[in-house]
Amino acid sequence: MPKEKYDPPDPRRCYTIMSAEEAANGKKSHWAELEISGRVRSLSSSLWTLTHLTALHINDNNLSRIPPDIAKLPHLLYLNLSSNKLRSLPAELGNMVSLRELLLNNNLLRVLPYELGRLFQLQTLGLKGNPLSQDILNLYQEPDGTRKLLNYMLDNLAVHPEQIPQRPWITLKERDQMIPTATFTVMCYNVLCDKYATRQLYGYCPSWALSWSYRKKGIMEEITNCDADIISLQEVETEQYYALFLETLKERGYDGYFCPKSRAKLVSEQERKHVDGCAVFFKTQKFSLVQKHTVEFNQVAMANSEGSEVMLNRVMTKDNIGVAVLLEVNKDMFSGGMKPLQERQLILVANAHMHWDPEYSDVKLIQTMMFLSELKSIAERASGSVATGSPTSDPSSIPIVLCADLNSLPDSGVVEYLSNGGVAENHKDFKELRYSECLTNFSCNGKNGNSDGCITHNFQLKSAYENSLMPYTNYTYDFKGVIDYIFFSKTHMSVLGLLGPLDSQWLVDNSITGCPHPHVPSDHFSLLAQLELHPALPHPLNPLNGLHLPVHR
């Protein structure tokens, strides 16, 4: 993890006792440190109720054991147990992952619990004056010995429990029996590419469980177990797309499309292998490929900057991309033996990964707008080709499925824009930066349309995972939240069911402070939704406006 600034407690500790008068006047005391001294032999259980403590000094006593309850002090940054008579330590010390300094000098310790390896934020570990084994001491005395010793213990710590509980399937509604519909499943999954899976970022994960050779097995298992008809993946390394993902999934009846981030054009051939991007796979038995598209956000930003400095300096400098595939739905997918009335049933599947930095909410929102603007153009051209003889092409006539790691929470401008069909030009996520001139380029009314102070789109989108069905899709030590989404055209589709969340209590009970973990190969959880597609009425009854046969709920 990035080292946060840690200031150890002042060794010249000064204590002032509140006078009776101050107490009577209601003076509040704010103390986060506690010192216990006086050759103490055992500790009162009431100590473990002081959960606000950040520093605990219980050195220079006669303690022969520390109870496991010490882990009930989750905010401790500093713990001094030096100069006692400790012969062993509780394994629960390893759950105190906030610790920055743990002093165990001058005790009677012959062994250390390997659980100490989980203290990934520890900066100082005091072990001098203990009869520890030579192996441990040799490692500890090397340069950067504390980190090497902790890594050694984490890498050799037995993994408990032995398996992960299954995520539940949540049925939301039954398939429509009155009209011929097609059902299919969609998966959205950020697989965490190898380049980003570092001990600096994920110090709580053993190095063997962070390695790609280990994680790729769990990732492919997750993908193949879900067996989705359409799979959207983010953070797929170029080399791994061809060597692992495409090769494995082709054998299972899929075809795919992939594009790396824009920087792939600028780096050497060797580096290009490790540039990550977005991939979409689909079962060829159910869908056939009509078109494939890449949207490079930096190129769209440059073309629409209208002289805006912030557009050039903030948006154009990010090399995120999106991909889209236009698919034709196999007519055999429709239920009831009835074929849809329209000649061809198309569906547009899009996948994107937006910029990560929380400080760039403006960039994420504009990237999302640019993506939908480009998808509108793709859909317009495609709907024109389907509706032969139609005077106008309406992009909303083609159903869309949008999968994305938006790096944006459900209360963000990005999700508001997608869900509500628009967002105000002065939305707080634009950070009061001067984008207004170029934003109208991305509105569905176009440059000269009446925007009413809003940037809009005319895809009628709905999120498959509504109502906080997933408490988080990204689960790390520092951040736990929903940032991955599956959106779909609510005029054409409904959601029948979803893969629910991993049991939160299991994560707590097993002290899993973040992912990846030996049982969880990415820092993201996959999303899986079963969608029902209602066929559109044929032309000329349907002037391509997104209407479809009535749905009997």
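Author: Glu-306 counts as partly exposed because its relative accessibility is 45%, and the scale calls a residue buried under 20% relative accessible area, exposed over 50% and partly exposed in between, with a 1.4 Å probe and protein chains only. Residues are numbered from 1 along each chain as its sequence is written, and side-chain values use heavy atoms, without hydrogens or water. The model is predicted: local features need pLDDT of at least 70 and side-chain atom pairs count only at pLDDT 80 or more, whereas totals for chains, interfaces and linings use all residues.

Glu-306 sits in the loop that runs between helix H8 (297-303) and helix H9 (309-315). Helices (H or I, at least four residues) and strands (E, at least two) are DSSP runs, numbered from the N terminus. The phi angle of Glu-306 is near 50 degrees, which is positive although the residue is not glycine.

What is the phi of Ser-511? Ser-511 also has a positive phi near 50 degrees and is likewise a residue other than glycine. Ser-511 belongs to the loop between helix H13 (504-509) and strand E22 (527-533). With a relative accessible area of 22%, Ser-511 is partly exposed. The loop between H13 and E22 also holds Pro-516. The peptide bond from Cys-515 to Pro-516 is cis, and its omega is near 5 degrees.

An open sheet with mixed pairing places six strands in the order E11-E12-E13-E14-E20-E17, where two strands pair if DSSP finds at least two bridges between them. Strand E11 (287-296) and strand E17 (461-463) are at the edges with a single partner strand each, so one side of each has no neighbour in the sheet. On average, neighbouring strands of this sheet are turned by 20 degrees against each other, with direction ignored; axes are lines fitted to C-alpha atoms, for helices over the stretch in contact, and angles run from 0 to 180 degrees between N-to-C directions.

Within this sheet, strand E13 (residues 346-353) and strand E14 (residues 400-405) run parallel and are joined by six bridges. Asn-351 stands opposite Cys-403 of E14. Helix H11 (413-420) lies across E14, E17 and strand E20 (484-489), and its direction makes about 15 degrees with E20.

Strand E10 (residues 276-283) is mostly covered, as eight of its eight residues are buried. Strand E8 (residues 230-237) runs antiparallel to E10 and is joined to it by six bridges. Ile-230 has Phe-282 of E10 as its bridge partner. Strand E9 (residues 254-260) pairs with E10 over seven bridges, also in the antiparallel sense. There, Cys-259 is partnered by Cys-278 of E10.

In helix H3 (residues 145-155), the buried residues are Gly-145, Thr-146, Arg-147, Leu-149, Leu-150, Met-153 and Leu-154. They pack against strand E5 (124-126) and helix H2 (134-140), where contact means heavy atoms within 4.5 Å.

On a 1 Å grid over the protein atoms alone, a cavity is a set of points where a 1.4 Å probe fits but cannot get out, a pocket is an open set with protein on both sides within 12 Å along at least five of seven lines, and lining residues have an atom within 4 Å of a point. The largest pocket holds about 1000 Å³ of space. Among its 39 lining residues, Trp-356, Pro-358, Asn-407, Asn-474 and Ile-483 are the closest to its centre. Helix H10 (361-386) and H11 are the elements that give two or more residues to this lining. By class, it has 15 nonpolar, 12 polar and 12 charged residues.

The second largest pocket has a volume of about 690 Å³. Of its 23 lining residues, Ile-164, Glu-221, Glu-222, Asn-225 and His-519 are the closest to the centre. Helix H5 (residues 212-226) gives the most to this lining, with eight residues.

There are two cavities of 30 Å³ or more. The second largest cavity, of about 40 Å³, is lined by Ser-396, Ile-398, Phe-459, Gln-460, Ser-489, Thr-491 and His-492.

Note on methods: Points joined across faces, edges and corners; volume = space filled by probe spheres on them. Nonpolar A, V, L, I, M, F, W, Y, C, P; charged D, E, K, R; others polar.
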